[in-house]
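This report goes through a few local features of one protein structure, one at a time. Please keep the sequence and the 3D view at hand while reading.

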Amino acid sequence: MGKTKHTGPVKLTKRPDPSLWVSKVPFGLGKVKPHHIRDTMKVVWENKDNLPYATRILTQGVCDGCALGVSGLQDQTLKGPHLCTTRLNVLRLNTMPAIKEEILHSDIEELKKLSSTELRKLGRIPYPLIREPGDDRFRRLSWDAALDRIAQKMRSLDPKRYGFYTTSRGITNEVYYTLAKVSRFLGTNNIDNASRICHSPSKTALTRSVGVGASTCNYKDWIGTDVLLFWGSVAANNQPVSTKYMYAAKRKGTKIIIINPYYEPAMDEYWVPSIPESALFGTKIADDVYQVNIGGDIAFMHGIMKHWFEMEENVPGSALDHEFIEEHVNGLEELKQKVVAYDWETLEASSGITKERMLELAQLLAKSKSAVFVWSMGLTQHRFGTDNVSQVANLALLRGFLGREHCGLMPIRGHSGVQGSGEMGADPFVLPGGGMDKDNRERVEQIWGFPIPKWQGDIVGVSLENALLPENHERHLSLYYLSGGNFLETMPNPDFVERCLANIDLRVHQDIIFNTSTLVDAKEAVIVLPAMTRYEQEGGGTSTSTERMVYFSPEIKGPRIEEARCEWEVYVDLAKRVKPEESDLINFTSAAEIREEIAKAAPNYDGIQHLKNRGDLFQWGGAWLCEDGICPTPDGRGNLIAVEIPEHRKPEGHFHVTTRRGKQFNSMIYDELDPFNAADRDDVLMNELDAAELGVAEGDPIVVYNQYGMYKGQAKFVNIKAGNIELHWPEGNVVIPQGVYEEFAGIPEYTTLVIVEKADSFYAHKDMKYKEKRIEELEMEPS
Ligand code: SF4
């Protein structure tokens, strides 16, 4: 933790710098690029029925898009307007009216024909609904009846047989905290959140490496650092305003390095709409791009470190920051032994990067005085995600890039609420203010006034699987209470997930809109509860950005949905119905009261209790965690972690596959076409050389398959590392194995191996086995 405070936004120079331009042709005419003005006009049109409210949300609220963080139109990094099309696209969720009654109560089979995008566009959920076996449509229910039904079921179950899940859809810290408390009050540790499938390895790895699972620095540290590395992160697409910070960094001479299998166009060139010269002529972002194999990052980082150790042999002090290591770091010898034992052939084969290229990055970092490492799902969504992130921390610790200006480790978050979810305790491994260890548990018990269950709760993937356990198993999931989320589109193997969801007695979907999972049957009932957005909640709410800024978002005057309720209030109401005899132990009556308690239960959040007006904010932990190299670990030192290169066992003819995002916000898809590379959702991004070997031409229908599933799409040639392909997420989840979780953080593995085949030859194989032929055809064949 640090004593230095963030100093607030800085001004961007207005003087243009033609050396950064993409081209002198204005507005990137003729290039594949987003059309921000056209997209903005589309959003204005979509929100035309509610424009004053939409404007108030944008100018007064805290963005419910990504976790870059902005209050109104002002952020803490740069002066000037902060707005992007992601926020504009999400805006409609807040302004649209309720679903029309005749559609809401239409035949369930008709609703099931709609995609999540189509369901989202129907409008908001207006009042509680129920559907039981045999019902061909949802029926209206009162809140009392709905909550009584859920409470009655909970009372009949051992708490190990029910669980809670919460997504990040604009959800506030107050809601997460209340749910964390209510679930323990009800006796269950089965509570998990959306970060399980995105940054849980970042939190786990950073905690073991530097003692704290959050970004150690600020976006301001990007501006003027010597090197800014994006590792498996397409921030330009997922956190669009970050490109403005990248532009500012370039103006200060920062080198931007991209490490990714696919040479992502958005990280190479960008037209930042709020900067006139960039909007007109574009900005060249990437100084260098390293196209690593999917899953080859650990080997790449070993290669960088191996070069450093070799440089040290030749010229001591030429690569490592010995002073920093001596004073602040453990584990150098063990790491060195591990790294130098790998030969270059192994490192090159695993990473896909040559020894010479690794040397270039090793030398660049060795001569740099500062660096910020930013990463995302490209590092975390692996069977070895925690090791990937600890490797990044290893690089930073060996060079002393920690705890000071222009240095740090930043797991950049994609959803506005997700940073706070774990910090508030909506997680099976943590409580507010710390882990589930005896000391923290007893401390929180003192504050809460009731015992916290001691058994280990399940992560979301395991909770789902538990639905298929035998009925009499003590962990058979009989009731799942879901606040948002759509596991059919976010978890691997959608068919398996659907079977799990359908095998739960009672499923509760507390949400603002329908998605495909809301419509899956349940054994006893599906109950749908209408939630408020963050802008509708009385007393406002807070959310925590990637850089640990806790922003206050006020209640904003505007139209309201008939019976939508504030989620923390619903949890309190439910808890009182399940355990009326102890109801005085869960008694929040206002958001301010919750913030008062958060400040006590999560000491890092001391200050949240003072947030009450539009624009109020504070940053927990100060500007830099681990300031001056002092880490919040038991001995105050950072830990180098010696990790193994993962075993890939890629058989001949197979490809590494991973998923990528297009024009979407998490799993919500806003356009079929990716504005950065003109890829369709079902395009399979592949290298032209790989395609040539398979006899595949651009646009050819192809099949991507493995033992887990099959995906049909068409070939799109892009500059991706040979031997690797990318599919869009969540569509590509059909080829991802179910039940493979990362050892330390429990994230499902979202990368695997596949075979790619031309569709006609794939079906020809099947035809030879007579699987595709119609009976008449078979009968007509001469014997
Ligand atoms: S970059 Fe993120 S925080 Fe900023 S406006 Fe866009 S979605 Fe919101």
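## Asn493 and its loop

Asn493 sits in the loop that runs between helix H23 (487-490) and helix H24 (494-502). The model is a predicted one. Most residues other than glycine have a negative phi. Asn493 is not a glycine, yet its phi is positive, at about 55°.

Is Asn493 buried or exposed? Its relative accessible area is 18%. Buried means under 20%, so Asn493 is buried.

Phe27 belongs to the segment before helix H1 (36-46). Its relative accessibility is 47%, so Phe27 counts as partly exposed.

Most peptide bonds are trans. The bond from Trp729 to Pro730 is cis, with omega near 15°. Pro730 is placed in the loop between strand S28 (724-728) and strand S29 (752-758).

## Gln419 in helix H20

Gln419 is part of helix H20, which covers residues 418-423. With a relative accessibility of 2%, Gln419 counts as buried.

Which residues is Gln419 in contact with, leaving aside its neighbours within four places in sequence? They are Gly213, Ala214, Arg413, Thr544, Ser545 and Thr546. With Arg413 there is a polar contact between the two side chains, at 3.0 Å.

## Helices H13 and H15

Two packed helices are described by the angle between their axes and the distance between the axes. For helix H13 (residues 297-314) and helix H15 (residues 332-341), the axes come within 9 Å and cross at roughly 105°. Angles of 65 to 115 degrees count as roughly perpendicular, so H13 is roughly perpendicular to H15.

On the H13 side, the contact is made by His302, Met305, Lys306, Phe309 and Glu313. H15 contributes Leu332, Leu335, Lys336, Lys338, Val339 and Val340. Sorted by class, this contact of H13 with H15 has six nonpolar, one polar and four charged residues.

## Around the ligand

How many residues surround the ligand? There are 13, and the closest are Cys63, Cys66, His82, Cys84 and Val241. By class, the shell around the ligand consists of seven nonpolar, five polar and one charged residues.

Conventions:
Residues numbered from 1 in each chain as written. Predicted model: local features only at pLDDT ≥ 70, side-chain atom pairs only at ≥ 80, totals over all residues. Heavy atoms only, no water. Near = heavy atom within 4 Å. Nonpolar A, V, L, I, M, F, W, Y, C, P; charged D, E, K, R; others polar. Helix = DSSP H or I, 4+ residues; strand = E, 2+ residues; numbered from the N terminus. Buried < 20%, exposed > 50% of the residue type's maximum accessible area, 1.4 Å probe, protein only. Polar contact = N/O pair within 3.5 Å; in protein donor to acceptor, adjacent residues only side chain to side chain. Contact = heavy atoms within 4.5 Å. Axes fitted to C-alpha atoms, helices over the stretch in contact; angles between N-to-C directions. Parallel < 35°, antiparallel > 145°, perpendicular 65-115°, else oblique.
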